[in-house]
Amino acid sequence: DPQQLELVTSGKRKLRRFIVIDEVVDELYGSKVREYFEENKVQHKILALPTTEETKSMDLVLNILQEVQNFSIDRRTEPIIAIGGGVCLDIVGLAASLYRRRTPYIRVPTTLLSYVDASVGAKNGVNFLQCKNKLGGYTPPVASFLDRSFIQSIPRRHISNGLGEILKMALMKHKGLFDLLKSHGKYLLDTKFQSYSGSADHGDAALQTTRIAIETMLEELAPNLWEDDLDRLVDFGHLISPELEMRVLPSLMHGEAVNVDMAFMTYVAHVRGLITAEEKEQIIQCMRGLELPVWHGGCSWPLIKRALMERLKHSGGQPRMPLPTGLGVAEIFNDTSEETLERAYKLWVRD
């Protein structure tokens with residue numbers, strides 16, 4: 001709106017921003033964020049909160065909304081800014097979508113997982129009644145600002161956690177991305193996805209890996225942003241993992257739970273004859289190379305059956321099971337028998 005732009009640039013109106021930042025990120029970068037807004041003469045309120053799976057609730061959403069109301073924003077010109085990992089972006093997205101029916105918000109992801117996953121798409125939500133993201137909606141941000149320098153301060157396990165979601169896209173859609181992870185996985189973990197001029201042997205593996213992961217994710221999500229079509233390759237690793245993740249909190253992070261699910265489904269694909277023993281082994285070895293768990297004691301046969309029953313309830317009575325049919329190619333199947341699943345489970349546990 002030219003009139004609003006004129007108001008802002010003419011200096012007649014003071015710029016104001018409400019920022020929600022994860023409290024750990026605030027300890028590391030809070031002073032820089034405050035300095036940025038002060039230098040640009042932006043009146044601001046920074047709310048630092050503990051944003052974890054355990055605190056991901058409507059209580060935290062209401063806490064944010066109370067502070068937004070106190071700060072009194074103009075929802076047309078003053079987007080709420082979320083700076084943090086996926087949980088923070090999910091919570092703030094839901095809060096923004098509820099405030100005055102829809103207030104614009106901006107995502108600034110600070111973990112590898114949120115950089116390649118939560119930064120893309122329209123979903124937001126919170127956990128409810130011990131169920132992952134049971135309450136939420138579809139409200140895309142007005143922008144996502146991606147800065148890999150945030151990733152250098154997160155622990156190695158968190159890098160590995162993000163690699164789980166990148167590997168998901170590689171297995172479903174992109175053999176080249178799978179090859180990148182296989183060749184450069186340890187290097188990416190060691191360098192924390194930073195780009196260095198002296199890394200000629202690896203090219204710019206960090207830039208290539210994140211770019212392909214985001215592009216393939218966008219290819220899948222953009223035509224089906226509101227999930228009208230329930231056949232989604234991006235659901236690979238997300239059939240059993242929601243149940244597993246909530247059951248064993250906080251022992252598994254999101255990307256780790258997704259990888260345990262993907263490892264089991266790799267065995268299902270092998271037992272069905274969709275991939276060879278060698279391809280199965282390549283996938284499992286790649287997971288190990290990325291320091292991701294390929295099995296978890298909490299992923300029992302009863303839990304798998306319960307998770308797949310829950311899946312049927314929310315996917316139109318069909319399992320809609322994405323499975324690899326090779327390296328970097330996949331299809332969705334509705335005809336996997338319980339006998340096949342059980343055989344795959346026994347083989348997986350044995351290995």
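Figure 1. Phe333 touches Arg272, Leu274, Pro319, Arg320, Met321, Leu323 and Thr325, leaving aside residues up to four places away in sequence; contact means heavy atoms within 4.5 Å. The residue belongs to strand S9, residues 330-333. Helices (H or I, at least four residues) and strands (E, at least two) are DSSP runs numbered from the N terminus. Phe333 is buried, its relative accessible area being 11%. Buried denotes under 20% relative accessible area, exposed over 50%, and partly exposed the range in between, with a 1.4 Å probe and protein chains only. From Phe333 to Ser195 the C-alpha to C-alpha distance is 39 Å, at a sequence separation of 138 residues. This is a predicted model, in which local features need pLDDT of at least 70 and side-chain atom pairs count only at pLDDT 80 or more, whereas totals for chains, interfaces and linings use all residues. Residues are numbered from 1 along each chain as its sequence is written, and side-chain values use heavy atoms, with hydrogens and water left out.

Figure 2. The structure holds eight aromatic pairs. Rings of Phe, Tyr and Trp (its six-membered ring) pair if their centres lie within 6.5 Å; planes under 30 degrees apart count as stacked, over 60 as edge-to-face and the rest as tilted. The ring centres of Phe18 and Phe71 are 5.9 Å apart and the planes meet at 55°, so this pair is tilted. It connects distant parts of the chain, since Phe18 is in strand S1 (residues 16-22) and Phe71 in helix H3 (residues 58-71), 53 residues apart. Phe18 and Phe71 are both buried. The charged end of Arg16 sits over the ring of Phe71, at 4.1 Å from the ring centre; the criterion is NZ of Lys or CZ of Arg within 6 Å of the ring centre and within 35 degrees of the ring normal.

Figure 3. Tyr36 and Phe37 form an edge-to-face pair, 5.3 Å from centre to centre and with 80° between the planes. Tyr36 is exposed at 51% relative accessible area, whereas Phe37 is buried at 7%. Elsewhere, Phe264, Trp301, Tyr345 and Trp348 form one aromatic cluster.

**Figure 4. Helix H9 and its packing partners.** Ser241, Leu244, Glu245, Met246 and Val248 are the buried residues shown in helix H9 (residues 241-248). They pack against strand S5 (123-128), strand S6 (131-138), helix H10 (254-271) and helix H12 (301-314). An α-helix has 3.6 residues a turn, so residues three or four places apart point the same way. Pro250 lies in the loop between H9 and H10.

**Figure 5. Trp226 in the loop between helices H8 and H9.** Trp226 is found in the loop that runs between helix H8 (205-221) and H9. It is partly exposed, with 43% relative accessibility. Apart from residues up to four places away in sequence, Trp226 touches Ala122, Tyr138 and Pro140. Trp226 and Lys123 are separated by 103 residues in sequence and by 8.4 Å in space, C-alpha to C-alpha.

Figure 6. Most residues other than glycine have a negative phi, and most peptide bonds are trans. Leu129 has a positive phi of about 55° and is found in the loop between S5 and S6. Its relative accessibility of 63% counts as exposed. Asn133 likewise has a positive phi, of about 50°, but is found in strand S6. Asn133 is partly exposed, at a relative accessible area of 34%.

Figure 7. The protein chain contains 13 helices and nine strands. Of its 351 residues, 53% are buried. Among contacts in the protein chain with a separation of 6 or more, 75% are between residues 24 or more positions apart.
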